[in-house]
Amino acid sequence: MAFGVPLQCYIRSRKLAASLETFMLTEKRVLDIAIECGYEHEQTYIRAFKREYGLTPGECRHSGRIIQVTPPFNLFPKNNVCGNVVYGPDMVMIPSFHLIGQSYRIEIADSLTKAPEAAKQFWWNNRHKVPDPVEPNIYYGLTNTLDPSLSWTYYLPSMRVKNLSDIPNGFSGCTVPASLCVGFLYIGNHHYEEIDALRAEALYNAIDRLVEEHKGRYELLDNEFFFEKIDTDVYDGQYCQMEWFALIRVKYT
């Protein structure tokens with residue numbers, strides 16, 4: 001959710017806002033602006049415009065009304081992540097689920113570069129080897145810390161499955177326990193494969209800031225495990241999103 005609405009609604013609102021600027025500052029025809037905005041038919045654009053602003057494009061051009069538009073994410077510097085945004089924290093209960101993927105031992109100092117590389121390698125070359133994934137278009141990246149004193153963690157680029165009865169050779173299975181977690185939503189104006197070291201570092205810095213504001217409510221246990229979840233179907237050619245979850249302990253006093 002962004003600004004209290006689903007991501008797709010936000011994207012539509014931003015496209016209409018961009019078209020509104022073109023409409024008010026130029027003499028372009030409605031049909032031409034509709035096509036530029038991604039609408040195949042002029043009437044479809046007009047209906048969407050009226051739902052968004054309460055009047056048609058023609059009425060808007062001559063009404064003299066002040067029109068409220070949905071602002072771009074980067075107008076909110078507190079949540080800014082390299083020009084993109086992160087929302088949260090939300091306290092959520094995660095049900096137990098199973099993952100199958102390829103396990104990597106990654107030095108913590110190298111995790112910002114090695115984990116994205118491992119994720120891309122798995123998604124491009126090996127995800128089709130996971131038998132009967134529950135969500136074929138969703139990527140999971142699980143980080144497990146066996147001992148906080150170690151300088152490395154296990155990273156599992158993976159897919160969700162119904163059970164661990166059929167793990168291919170060279171792959172690993174893991175069951176994520178039912179857990180009370182804190183969740184964040186990252187929305188980026190780029191392809192999901194462009195979540196690189198720079199963006200990952202900015203994301204974690206933003207999460208640290210937002211968690212710090214809520215430290216009286218819970219303790220973040222990301223030294224035990226955390227995972228990211230990317231629905232590749234959400235990417236519409238402009239925006240992607242990634243969910244990030246980590247275990248927490250609620251403070252009741």
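Reader: In which strand is the place of Thr143?

Author: Thr143 sits in strand E5, residues 138–144. Helices (H or I, at least four residues) and strands (E, at least two) are DSSP runs, numbered from the N terminus. This is a predicted model, in which local features need pLDDT of at least 70 and side-chain atom pairs count only at pLDDT 80 or more, while totals for chains, interfaces and linings use all residues. Residues are numbered from 1 along each chain as its sequence is written, and side-chain values use heavy atoms, with hydrogens and water left out.

Reader: Is Thr143 buried or exposed?

Author: Thr143 counts as buried because its relative accessibility is 8%. Buried means under 20% relative accessible area, exposed means over 50%, and partly exposed is in between (1.4 Å probe, protein chains only).

Reader: And which residues does Thr143 touch?

Author: Not counting residues up to four places away in sequence, Thr143 touches Thr153, Tyr154, Tyr155, Glu224, Phe225 and Phe226. Contact means heavy atoms within 4.5 Å.

Reader: Which residues of helix H5 are buried?

Author: In helix H5 (residues 111–126), the buried residues are Ala115, Pro116, Ala118, Ala119, Phe122, Trp123 and Asn126. They line one face of the helix, because seen down the axis of H5 they fall within an arc of 165°. The arc is that of the directions from the helix axis to the C-beta atoms. An α-helix has 3.6 residues a turn, so residues three or four places apart point the same way.

Reader: What covers the buried residues of H5?

Author: The cover includes strand E3 (97–101), strand E4 (104–107), E5 and E6.

Reader: What about Asp132, where does it lie?

Author: Asp132 lies in the loop between H5 and E5. Its relative accessibility is 69%, so Asp132 counts as exposed. Asp132 also has a positive phi of about 50°, although it is not a glycine. Most residues other than glycine have a negative phi.

Reader: New topic: where does Asn163 lie?

Author: Asn163 belongs to the loop between strand E6 (152–161) and strand E7 (172–176). It counts as partly exposed, because its relative accessibility is 40%. Not counting residues up to four places away in sequence, Asn163 touches His98 and Ile100.

Reader: Which side chain is joined to that of Asn163 by a polar contact?

Author: The side chain of Ser165 is joined to that of Asn163 by a polar contact of 2.5 Å. A polar contact is a pair of N or O atoms within 3.5 Å; within protein, one must be able to donate a hydrogen and the other to accept it, and residues adjacent in sequence count only if both atoms are side-chain atoms.

Reader: How far apart are Asn163 and Cys174 in space?

Author: They are 9.5 Å apart, C-alpha to C-alpha, and eleven residues apart in sequence. Cys174 counts as buried because its relative accessibility is 18%. Cys181 is buried too, with a relative accessible area of 0%.

Reader: How many disulfides does a search of the whole structure find?

Author: The search finds zero disulfides. A disulfide is a pair of cysteine sulfur atoms within 2.5 Å.

Reader: Which residues is Ser179 in contact with?

Author: Leaving aside neighbours within four places in sequence, Ser179 is in contact with Val92, Met93, Ile94, Phe225 and Leu247. Ser179 is in strand E8 (residues 179–188) and is buried, with a relative accessible area of 5%. A polar atom of its side chain lies 2.7 Å from the backbone oxygen of Pro177.

Reader: How many helices and strands does the chain have?

Author: The chain has six helices and eleven strands. Of its 253 residues, 42% count as buried.
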